[in-house]
Structures are given as C-alpha cells and as structure tokens.
Amino acid sequence: MMQKDIKRLSLILLFAPFALWIFLLIVLPHLGMFYISVREKVGPRMYEFGLGNYINFFAEPIYWNTLIRTGSMSLLVTALALLLGFPIAYYIAKIAGNRTRGALFLMCLIPLWVSDLIRAFGWILLLRETGIISSSLQWAGVINTPIEFLYNDAAVIMGLVYTVILFMIVPLVSTLDGMDNSMIEAGYNLGGNGPTVLRRIIIPYAMPGIVSGCIVVFMLTAGSYLTPILLGGKNSSWFTEQIYDQFITRYNWESGAAFGFLLLAFTSLVVWGGLKLSGQTLNSTVAKS
Amino acid sequence: MAIKPNTAFLTSYRIYVAAFFVFLAAPLVAAGMFAFNDSLFPSLPWQGFTLDWFFNDTEPKLGMFHDRRLLRGLYYSFVIASFVSLLSVFVGTCNAFLFVRCRFPAKDFFYIMMVLPLVIPGVILGISILLLASNIANGAEEALSLDLDFLRPGLILVVLGQFSFITTITSLVIIARLKKFDESMEEAAFNLGASRVRVLRTITLPFLFPAMAAAGIVAFLVSFENFNTTLFLVGSEAPLTITMYDRMVKVGSTPVLNAVSFFLMVGSALLALISILVNRDKPQT
Amino acid sequence: MQSMTENDLATTDNDLECVQVRKHFGSVRAVDDVSFEIPKGSFFSILGPSGCGKTTLMRMIAGFESPTSGDIRIKGNSVIGTPPNKRNVKMVFQHLALFPMMNVYENIAYGLRCAGVSKEVIRTKVHDVLERISLPDVANREISQLSGGQKQRIAIARCMVLDPDVLLLDEPLGALDLKLREAMKIELKLLQHQFDTTFVYITHDQSEALVMSDNVAIMNQGKFVQIGTPQELYHNPSAAFVAGFVGDTNRWAGKVTRVENGAVEVATEAGLTMRGSVRGTGTPAVGDTVSAFVRPEFISAEKTGASDKPVDPAHNVINGKVDSILFNGANSRVLVRDGAGELIEADVVLTGSTQDLKPKDNVTLSWSPEQTMCFKA
C-alpha cells in the first residue's frame, strides 16, 4: 500500500529530530553525568567505579545541609508564590472586566521576558545600603543610618518569589479561565458561603493548574542560581552554588556530577511526592499547559 | 462577575492586586530609571536627566553603544538567539506533527520526555551537556588525536544547551495551535485537487505560521535572557547576560548596566507584544 | 486525469455506481455490501442514524478511505486506487472547511489554481459561479464576514466551479439554526437543478432527505435497507426499520392470531387486537411475532358518541381518554391513553371552537387495516 509507506516514512522523518534532540541533548548527557558521578579518581587519569562521591556528600554535613536548606526554602517559596499568586490569578480570570483582564495578564507576562539578571539587579538597587528604599526612609526621617536590606534569607526568598510567581499565575489563570462561572454561582445558590465555595469548588477545579504551577515553580527555584547569589551574597548557601563550586572552582567534575545528580533526584522526589499527594499526574498538569 | 462580595472586601482585594503590580514593577523601574540619572552610581539622589549612559563615547561615562564588550555581548546574544529560535521552531514544528498527527507506541511516555527538559534545572542541563561534550572531545583527542573544537565550550555548545530546553517551549506552543486545526480543511483542499505538498504549503503551514512566529519570538527572548545553562557552556564569546554578570561582579553596579537593562526590557516587551499579537486567534465562524 | 480505456466503451447514464462495497475496521463492518447506482443529474440522499456507516461510505466515494472490497465507479470508470485529489468528485464538508486564511475569491479559485488554470479563466469562472449562487459581490470578503447561509453557498460554489461529476454533501446543514435550515433545504434543491449535477447528500435528518431528494437510501448498521423515492419510503416501507425511522408512527409489538390472504389479525403485548396488512419480506404465520405501525395522520379521533356517522366496520376501533393535546397549528396532535394504558398519537384538527378535543375527553380512535403495516419480526 502506497498510503501506508508514506505514513511510515513521515513518521520516521518526524520522529528523527525528536529522537536526536531528546537522546543526544537530554538522555545521553544525563547518563554520562551519572556515569561520571559513580567513578572515583584514584590517580592521574585513573578512575574506578564507586559511590565515593555520594558518600562524600553524606559525610560532609555542610553539603547535605545545603541541599536540605535549598529544598525547604524552595518549598517555602512555592507555598508563598501559591498564596500570593492565587488571588491575583483569580482576580484576573474571574473578577476583572473583559478589557482590564487582557491588560493585567499582559502586565503579568512582561516581567516574564526580562532576564533574571536584570530583575535581581533591580532588587539590588532597591535594597542595598545605598539603595532606593534605604535612602528614601532616611530622607523621610524614619531611620537615621542607612540599612542593608540585602544579603539575608528574607531578601533571597522575596527575590525568588518575585522571579517565579509568574509561572504560578499563568497556568492558574488559564485553568480558572476555563471554569464556568455558573459553577461558582451554583455553589452559592446551593447554600455555600465564600470559604466553602473556594474549598469545595474552586480549588478542586483549579487543582491541575495549582499542581502544574507548583511543580514548575519548585523546579525553577531549586535550580535557580543567580537570584540567591546576587541577593543572598556569599552566605546564601544555595545548592547550585555548591555545584558550580565543585565544577569551576575546584575542578572536581566527579563530585560536581554527583551533586548535580543529587539535586535532580531530590527535586524529582519532591515533585513525585507532590503529585502522589495531590492525586495528579505529570500528564494532567505540566504537560497540559 | 462570578461572585459579588461586599464592597469593603472588594476594595481591599483591589488594593492587594494593585500592590502586587507595584511589587512586580518596582525592580524593573529601579533598574530602568537609573539609566537616565546623570551620576556615576546607580543610586539616589537624582542628579538630573541624561542619555550619556547610552550614547556618550568617553570614560568615565562610557555609554552602552560605545562599550565594545557590551556590544560584542549583544552581538553574540543575537547570534545565539537567532540560531536557537530557528532550530527550536523547526524541531518544535516536527514535534507538533509527530504528537498531534502520528500514532506510535509509547506516545505518552515520549510526550513526557518532551516536556521533561522544562523542569530540569538549567544548571544541570548545562553541566550534563558540558560533561558529555568534553568527554567526547577528550576521548577523540586521546584515541584518535582529533581536535573536535566545536565540543569545547563556545557558541555551538551554548546554542545546543539553550536549544535543549527551549524546544520544549516551542513544541508546546505549536502543538496547542495544531490541535485547534480542523483536519477536514486539509481533506477539503485535497478534495479540490491539491497535492500533499501543496496542501501543506497553502493550508496547514499558513494556519500554523502565527504559532511558529510566536514560538520563535518566545525562543529568541528566552535564549537572550538565559543565564543558568549558558554559564557552564560559554567560551570566549560571552553573550550579553554573561558579560553583564561579569561586569556586575568585577566592577560593581554602574549605570551603563541600567542602560543595557532598559534597552533589553523595552526590546523584550516589544517582541513579547508582537508574539502575542501574531498568535492571537482571529475571530472565526 | 483518469485513463479513458476499455471502461469508456461501457457507456452509462449513471454518474456514480457502488458495487458490493465493504469497509471493515478490524471486526467492525462499517459498510457492509452496499450496492447502488445514481442516474445522471439526480439528487440522491443517504439517510441513517448516526454511526450507521454513511460517513464512511461517503469518505470512500471521495477517496479518503479505500474499501475493503467492492468497486466504486464514477461515470462508469472505477476509481479504486485513484487518490482523492485526482477524482472528479467534490465534497462539501460537515463544517464546510472553508479556508479562513483566504478570502472568498481565493477559496473558490483554490481548486482551479491546483489544476493550473490560467488567471483570466479563473477570474471569469469564479465570478460566473458567484453569479449563479446569487452572491456576486462577496468575492473580496473574508470568510469570517459571511453569514451561515452565505458560507454554505460558497462551500458549494467552491466545488461546483470545478465542474464535478458528483457533489458529495456531508450533513452541511447540521450547524445551521432551524429557520435557516428550512430555507437552505429549498435553496439546495434549486441549486441542484440549476447546476444539473448529481448531488449525493448524507444526513440523519429525515425531513432534509425527504424534501430535497429524488431518491433516498435508508442505511442502518452498514447496510442499505431500502432505496426509493421519498413517497415510496414513507408509504411502502420494505422493512420495520424504515417504517419506524421515516416519519412519525405508532408502533406495537404483537403476535399473529389469524392470517387471511395478505391481512393478519394481531394481538399486541398490551392486549389490543387489530387487523393489518402484511408488508416487507416474509409472510407471518399464526403465532409469529410482528411489529405493527400506524402513522398518526391515518388515525381519526372523535369524541365518543359525538358523531352519528357509523364507523366503518372493517376499521380498527379503540376507545380511550385524551391524555394531552399537543397543539402545533396545522400539525396538532392528540395523545390518547387506551384501555391497556398505552399512549397512541393521532393527528387532529384544532379549530379553536368548543367542539375541539380537550384533555380527559373520551375518544374513539379508528383506522383502516390497510394503513396498519405489519412486519414479520
């Protein structure tokens, strides 16, 4: 059959770029990274198989403390982004008028296209000792001496929330947008009040959007590098910094690869746990957006 | 309006929303405004308006359009972003046809594989590609004494590294559009006597074009602003974000960085707006 | 282009012939042994419930699917193996599939351009066809600026400009609202006369099929049950499915209690007794199960005792009580609950006078055995 041959040929032609991309740039590099992470340097150009790099990680509290700190702060950032972002998304999707809705959504998107670096730079200019906030407060007479708002955990968390909150709002807006207003009205009509309607109708409906937003936000936060370094300074102890350190400063690729793999495994584990807890799948959330 | 809560609640809700947008805008405004401050430092007090940080050609107030290294960074960013967007739109379009039109075993699994690069931390992507490329290059050099220069940190690796996750974004955008395509349109064209190639050229691709253009612009912007993945793969040809970071760490913040920020923000905002306009659905039926 | 070989000699007046066409998807027989021929210039409808295989049949004629076995001939030439873009069969799609990125002119010119016709010829042909569908001024409009009825006509013009041997229409009126649909029915019939081309029309809406067609094929579960003029199908259905599917009808299931040259007496499950005429294939014997159909317009309903005219003794007579009146102008109907508790529909004339039937009135229903169509189950 001619038709069948054409179909088969086009399938192969379409599959080839996909396979090359995923295999050469995603699967193979990660397999390679795993391979490097399980070999130990025993002499110049001499390696042997072993879990030494991973054992090192667990033997040195500063390493796994950093990972746990990164993970817990990322969870905190995710929770904050959800709490702060949900009302905004709800406002855009359900309360704003038709014309303001588009404008607000655009305003949400514009910072999305501005580099991390510029955003962090802006926060530095606002928060540092000689920054806008400090000098304004001085000028207003609230404080006498300049205050350093930078280089603490609060600044890092705020900067991270700022960086990632859009990735929470955008999927939430599109999920809530698809929700029929009459569903909410029916909820009230059947005797629900504000909190029950929110808890029983809106949140369950928005669950795929919430989970998808949380996954992306968590992964972005845990894998972020610039914001913690620039806003947290030298002591921000973010795990990606450790990885960079192992690779570039110490030139210890084996342990850097192990660290990279641990970060990947750790974040995947958290995401997997989150999906299990919320009863969603990767297909029903992230893949949909 | 879905719910009509009492006015006090609505007012405080509105204030919260307004405050949120102030929060969103604050660092961008801060980063942008000092580009026009006639001072050597990006901080208050305001010393008066100037365009020196864009156009002045002498130190100490060297404007961005006369700063060799920044301009070179801009040029490399442009080159990288162009290649990344072309490549990722091409593969994204293939992926769209693959996942919307074809049936093959384990499709769901491959779809998850396609989405995965978006959630892998950029740092890890950069490292893993760097490791693989370096190992292959080292191996080739030792075993075959071949010098595979393109596998060393440099433009090609940066393009590949960014391409590896940006393709997911372009694929998702184009898939969404192709899913909306009414396949009977292709059949109708076929029925009216068009060949397969002609149907693709005159019906399907014109329909997909807005999504392809929008995806291309998005890819261009994401590539332009990328830092995490690029950091590990960059060679001597540093794109703009890396150059800026270098400057920030080594020289400290100077208003010329504000000028670059302003330039980038305006440029990205315009491009983003265009991408939204071209991909907007025309009213049909 | 089709080769003009030995088939050319087999001159035929049929624009389209299907010979024992079958299409199986796995174990599902979507189209099962369908044969028919459509004479030149006629309006032919294929009517059936959704999922009966009519769309598959149409897609095979257009070339989007190939039959598992059997032959499809257009103007006497087999088109098996001819790809859809080389068949001179054009199709109007269910949702029309007009190209939104082109304007009206480009939509109509599309097929001509594919055929490599020169620009001047395209221009005259497009304007000519727009003239014929009486929309001469819309050439430069965008598709989104057209009304539903205009789109409909443009979709037909886009096909007709190519002078097809057969035009296929796949429920093109389905998306229109009721008023427009009624108007388009007449318009389609007129267009078909004007172009004098064979139209093959697929629908699940019996009134579309009955109003427009010269011939209608009733399709069910992949098979053609009956082909005939709308009148034949309505008055002489050859099978219980056709009697039940075409037009409104009262239906009873029952057992034969007496057989008498072409007539039977049937006892229904609910306990009524009626006489009927045997239709379709198979002569029922005493004890066989049959289905009996009576159309509402053949049942006369009178207030019990109101008329002094004696009821024809040969008629079936049932007494009952009016349950409700379904007023719909000239098509008004009454629902009568008979002694067995079943509802029977009968057409009535409601003039608005006090003589009209009212709910709870006692009525006498009567109809002739000839109008009681009995099919052996």
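UniProt positions are given here in the numbering used for this structure, with feature names shortened, and such annotations may be inferred rather than shown by experiment. The model is predicted, so that local features need pLDDT of at least 70 and side-chain atom pairs count only at pLDDT 80 or more, whereas totals for chains, interfaces and linings use all residues. Residues are numbered from 1 along each chain as its sequence is written, and chains are lettered from A and ligands numbered from 1 in the order in which they are written.

In an unreviewed entry, UniProt lists residues 12-36, 73-92, 104-126, 154-173, 209-231 and 251-275 of chain A under "transmembrane region". Helices (H or I, at least four residues) and strands (E, at least two) are DSSP runs numbered from the N terminus. On that basis, residues 12-36 of chain A are 100% helix and 0% strand, with end C-alpha atoms 33 Å apart, while residues 251-275 of chain A are 92% helix and 0% strand, with end C-alpha atoms 36 Å apart.

Two residues are in contact if their C-beta atoms, placed from the backbone, lie within 7 Å. Between chains A and B, the contact takes 66 residues from chain A and 66 residues from chain B. On the side of chain A that touches chain B, helix α1 (residues 2-37) of chain A gives the most, with 15 residues.

Chain B holds eleven helices and zero strands. Its radius of gyration, taken over C-alpha atoms, is 24 Å, well over the 19 Å that the globule rule (2.2 Å times the number of residues to the power 0.38) gives for 285 residues, so chain B is more spread out than a compact globule. Along the principal axes, the C-alpha atoms of chain B fill a box of roughly 75 × 70 × 35 Å. Among the contacts in chain B with a separation of 6 or more, 74% are accounted for by residues 24 or more positions apart.

In chain C, Met373(C) is placed in strand β20 (residues 373-376). Met373(C) counts as buried because it has 24 C-beta neighbours inside 10 Å, a residue being buried if 20 or more other C-beta atoms, placed from the backbone, lie within 10 Å of its own, exposed if 12 or fewer, and partly exposed in between. Not counting residues up to four places away in sequence, Met373(C) touches Pro237(C), Ala243(C), Gly276(C), Ser277(C), Arg279(C), Ala292(C) and Phe293(C).
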